[in-house]
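Me: I have a structure open and have not looked at it before. Can you take me through it?

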Amino acid sequence: MSRAYAEVIGDPIIQSKSPKIHGFWLEELGIDADYRASHVRTDQLADFLGARRADPAWRGCNVTMPHKQAVMPFLDRLDPLAAAVGAVNTIIPEHGQLVGYNTDVPGFLEPLLPMLGRTHYFRMARVIGTGGAARAIVKGLADEKLVIVLAGRSPEKARALLDELDPAGEHHAIDLAHFADATDFAFDDRENCLDLVVNASSLGMTGQPPLVFDMSHAPPGSIFYDIVTSPLETPFLKAARAAGFRTIDGLSMLIGQADHAFRRFFGAIPSRARDAELRKALGA
């Protein structure tokens with residue numbers, strides 16, 4: 001019998017750290033399986049998934065840019081969370097069917113859980129981006145009762161996304177350029193409030209335009225969270241840290257979502273006690 005394997009698909013895919021993460025856990029747990037990276041273009045998705053469906057050694061795949069929505073028509077069923085988000089980042093073969101899951105939501109929320117477990121007078125997140133990852137982030141934050149200010153190149157697209165994912169929420173959609181210019185807005189007392197500033201876009205990623213964000217838009221005590229992993233120390237996070245804000249880097253979400261996917265691929269729970277060692281292996 002062929003060796004069991006899972007993989008990550010995307011276009012491009014060379015930048016993916018997922019093979020190192022899953023490979024680290026496979027070795028640690030002594031599981032005889034493999035995890036690969038496969039370059040798949042959008043016009044190849046149907047043939048790719050058709051071939052994988054017929055491969056008994058295939059345990060599934062993670063899905064990265066730009067396929068998190070494009071894969072959905074080729075799946076037989078969506079997990080309720082993936083259906084609610086409208087994006088898939090994990091595909092699992094189950095009883096002859098291809099089932100789409102979204103592990104980005106719990107992966108993104110994982111480093112925030114200590115804060116989210118507290119009671120706050122007010123919770124607000126300023127989120128930049130309207131793509132597949134942003135959909136998961138908006139859904140996760142809305143479910144945690146945060147008011148969301150969503151910034152995109154198209155405010156109309158941002159508004160439509162908010163109305164789709166949380167139609168009852170009192171959220172706001174703005175142009176991305178709003179955050180680039182300084183503001184003299186006087187923030188009120190932020191004690192016992194939770195404020196997040198999240199880059200849920202590819203801005204600042206290697207080869208992409210920079211994310212321009214003026215720190216005057218961040219309330220005192222804000223937490224800055226960037227989902228970009230290449231580079232890990234983005235200019236956005238550097239500027240936030242220099243201004244005295246707490247930061248969370250993209251590996252936090254990447255490792256968190258990989259944990260949930262790994263359990264489905266290989267039926268085992270990775271040990272998180274060695275996260276610091278894993279981060280070093282990933283160059284952090």
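Me: Let's start with His 95. Is it buried or exposed?
Reply: His 95 is exposed, with a relative accessibility of 85%. Keep in mind that this is a predicted model.

Me: Where is His 95 found?
Reply: His 95 sits in the loop that runs between E5 and E6. Its phi is near 55°, which is a positive value in a residue other than glycine.

Me: And Lys 145, what is its phi near?
Reply: Phi of Lys 145 is near 65°, again positive and again in a residue other than glycine. Lys 145 is in the loop between H6 and E8, and at 68% relative accessibility it counts as exposed.

Me: Other backbone matters. What kind of peptide bond joins Asp 11 and Pro 12?
Reply: A cis one, with omega at about 5°. Pro 12 belongs to the loop between E1 and helix H1 (18-29).

Me: What about the bond from Met 65 to Pro 66?
Reply: That peptide bond is cis, and omega is near 0°. Pro 66 is in the loop between E3 and E4.

Me: Where is the place of His 67?
Reply: His 67 is in the loop between E3 and strand E4 (77-78). Its relative accessibility is 0%, so His 67 counts as buried.

Me: Which residues does His 67 touch?
Reply: Leaving out residues up to four places away in sequence, His 67 touches Gly 10, Asp 11, Val 40, Arg 41, Thr 42 and Leu 45.

Me: And how far is it from the C-alpha of His 67 to that of Gly 131?
Reply: The separation is 10 Å, for two residues that are 64 residues apart along the chain.

Me: Leu 45 came up. Which residues of helix H2 are buried?
Reply: In H2, residues 45-53, the buried ones are Leu 45, Phe 48, Leu 49 and Arg 52. Looking down the axis of H2, these buried residues fall within an arc of 90°, so they line one face of the helix.

Me: Why would residues spaced like that point the same way?
Reply: An α-helix has 3.6 residues a turn, so residues three or four places apart point the same way.

Me: What covers the buried residues of H2?
Reply: The cover includes strands E1 (4-10), E2 (33-39), E3, E5 (90-94) and E6 (97-101).

Me: How does the lining divide by residue type?
Reply: For the largest pocket, 19 are nonpolar, 22 polar and five charged.

Me: How much space lies in the second largest pocket?
Reply: About 280 Å³. Its lining has 14 residues, with Met 124, Arg 126, Phe 185, Phe 187 and His 217 nearest the centre of the second largest pocket.

Me: Where does the largest share of that lining come from?
Reply: From strand E7, residues 122-128, which gives three residues to the second largest pocket. By type, the lining of the second largest pocket splits into seven nonpolar, four polar and three charged.

Me: Now single residues again. Is Arg 190 buried or exposed?
Reply: Arg 190 is buried: its relative accessible area is 14%, and the cut-off for buried is under 20%. Arg 190 lies in the loop between strand E9 (172-175) and strand E10 (193-199).

Me: Which side chain is joined to that of Arg 190 by a polar contact?
Reply: The side chain of Asp 195, at 2.6 Å. Not counting residues up to four places away in sequence, Arg 190 touches Phe 122, Asp 195, Pro 219 and Pro 220.

Me: Last one, Asp 104. Which helix does it lie in?
Reply: Asp 104 lies in helix H4, residues 104-109. At 3% relative accessibility, Asp 104 counts as buried.

Me: What does the side chain of Asp 104 make a polar contact with?
Reply: With the side chain of Asn 89, at 3.1 Å. Beyond four places away in sequence, Asp 104 touches Lys 68, Asn 89, Ala 136, Met 253 and Gln 257.

Terms used: Residues numbered from 1 in each chain as written. Predicted model: local features only at pLDDT ≥ 70, side-chain atom pairs only at ≥ 80, totals over all residues. Heavy atoms only, no water. Nonpolar A, V, L, I, M, F, W, Y, C, P; charged D, E, K, R; others polar. 1 Å grid on protein atoms, 1.4 Å probe; cavity = no way out; pocket = protein on both sides within 12 Å on 5 of 7 lines; lining within 4 Å. Points joined across faces, edges and corners; volume = space filled by probe spheres on them. Helix = DSSP H or I, 4+ residues; strand = E, 2+ residues; numbered from the N terminus. Buried < 20%, exposed > 50% of the residue type's maximum accessible area, 1.4 Å probe, protein only. Polar contact = N/O pair within 3.5 Å; in protein donor to acceptor, adjacent residues only side chain to side chain. Contact = heavy atoms within 4.5 Å. Arc of directions from axis to C-beta.
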